Amino acid sequence: MMPPDDFDPPVGVAMDLGQGVRRIVAPNPSPMTYRGTNTYLIGTRDLAVIDPGPMDHDHLEAILSACAPGQRVTHIIVTHSHLDHSPLAAPLSERTGAPVYAFGHATAGRSAVMTELAASGLVGGGEGIDHGFVPDVELEDGQLIIGKDWQLEVIHTPGHLGNHICLGLGDLCLTADHVMGWASSLVSPPDGDLTDFMASCARLRSRGWSRFLPGHGAEIATPAARLDWLIGHRQGRETAILAALGNGAKTASALTRAVYTDTPAALLPAAERNVLAHLIDLMGKSTVQALGPLQADTLFQRL
């Protein structure tokens, strides 16, 4: 089930979440970011800053002010290169001297299917890519990032974005935008890939996490149940799309109106990108075919 809409923390204030983790919410609330981007500080002496956030001077100062005497930022880790997560990494690095770690540049980790679709001209509808983002250190799946009193496991979780990673801290997982604390994640081709997204959900589900710390919204105290909801939610959307196609070929826009009946009009463009992601996934399963090149008005039919 969806979490309650009661997450309203003070912006710019470092809040202790236990296990050596603090959270600072950035001042960038929106329909796509909820209350704002969650920046996390890990450690007690040498600090890792996870997802510095958007280009915002006040948030930069809030991060620096959270460093107590005797503490210093030694690692800046970006979970993925959307504009609400990565742009502040470079200014923070300049101020602290800490290198920036990430899976790779803006299109790193993109699936072969989405690479082909991007080359064919499929664009638009995403959350905004930080195209200039390049980390100082490229991370690999399974790699350990080690600080003085903490250790983070890199878990490559493509789907929301090809270069998306989650980070394991003992039995706690920082899930960024793969599993959020307020809504399901946007998957917008060619940046996002639903086939990869579902595989990443299954990978996280195979582990015994105690709680999730997401990129937006409150912490998740029941990770397994939240993942089950997320997987079931996507499966339900797929079923609804296939049912709608049972009445004849339709465009992604028409399917969105048929399936997302309770979604505010302002969010329908994002919902349409999710529908397109489902349609591409169903094409890969040979369940649906596109009647022409993938464009805004392409008709899809059920096989």
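## Close-up views of a predicted model

**View 1. Ser185, a buried loop residue.** Ser185 is buried, since its relative accessible area is 1%. The model shown here, as in every view, is predicted. Ser185 sits in the loop that links β11 (172-176) and α4 (194-205). Its side chain reaches the backbone oxygen of His178, at 3.0 Å. Beyond its neighbours within four places in sequence, Ser185 is in contact with His160, Asp177, His178, Val179, Met180, Phe197, Arg234 and Asn274.

**View 2. Helices α5 and α7 cross.** Two packed helices are described by the angle between their axes and by the distance between those axes. Here helix α5 covers residues 223-245, and helix α7 covers residues 268-284. Their axes come within 10 Å. They cross at roughly 80°. Angles of 65 to 115 degrees count as roughly perpendicular, and α5 and α7 are therefore roughly perpendicular to each other.

**View 3. Thr256 in helix α6.** Thr256 lies in α6, which spans residues 252-259. Is Thr256 buried or exposed? Thr256 counts as buried, at 2% relative accessibility. A polar atom of the Thr256 side chain lies 2.7 Å from the backbone oxygen of Ala252. Leaving out residues up to four places away in sequence, Thr256 touches Leu268, Ala271, Glu272 and Val275. Arg205 is 51 residues from Thr256 along the chain. The C-alpha atoms of Arg205 and Thr256 are separated by 28 Å.

**View 4. An open sheet of three strands.** The strand order is β13-β15-β14, and the pairing is antiparallel. The edge strands are β13 (250-251) and β14 (288-290). Each edge strand pairs on one side only. Strand β15 covers residues 299-302 and pairs with β13 over two bridges. Which residue of β15 stands opposite Lys250? That residue is Phe300.

**View 5. Helix α7 on the sheet.** α7 lies across β14 and β15. The helix runs at about 110° to β14.

How values were computed. Residues are numbered from 1 along each chain as its sequence is written. This is a predicted model: local features need pLDDT of at least 70, side-chain atom pairs count only at pLDDT 80 or more; totals for chains, interfaces and linings use all residues. Side-chain values use heavy atoms; hydrogens and water are left out. Axes are lines fitted to C-alpha atoms, for helices over the stretch in contact, and angles run from 0 to 180 degrees between N-to-C directions. Helices (H or I, at least four residues) and strands (E, at least two) are DSSP runs, numbered from the N terminus. Angles under 35 degrees count as roughly parallel, over 145 as roughly antiparallel, 65 to 115 as roughly perpendicular and the rest as oblique. Two strands pair if DSSP finds at least two bridges between them. Contact means heavy atoms within 4.5 Å. Buried means under 20% relative accessible area, exposed over 50%, partly exposed in between (1.4 Å probe, protein chains only). A polar contact is a pair of N or O atoms within 3.5 Å; within protein, one must be able to donate a hydrogen and the other to accept it, and residues adjacent in sequence count only if both atoms are side-chain atoms.
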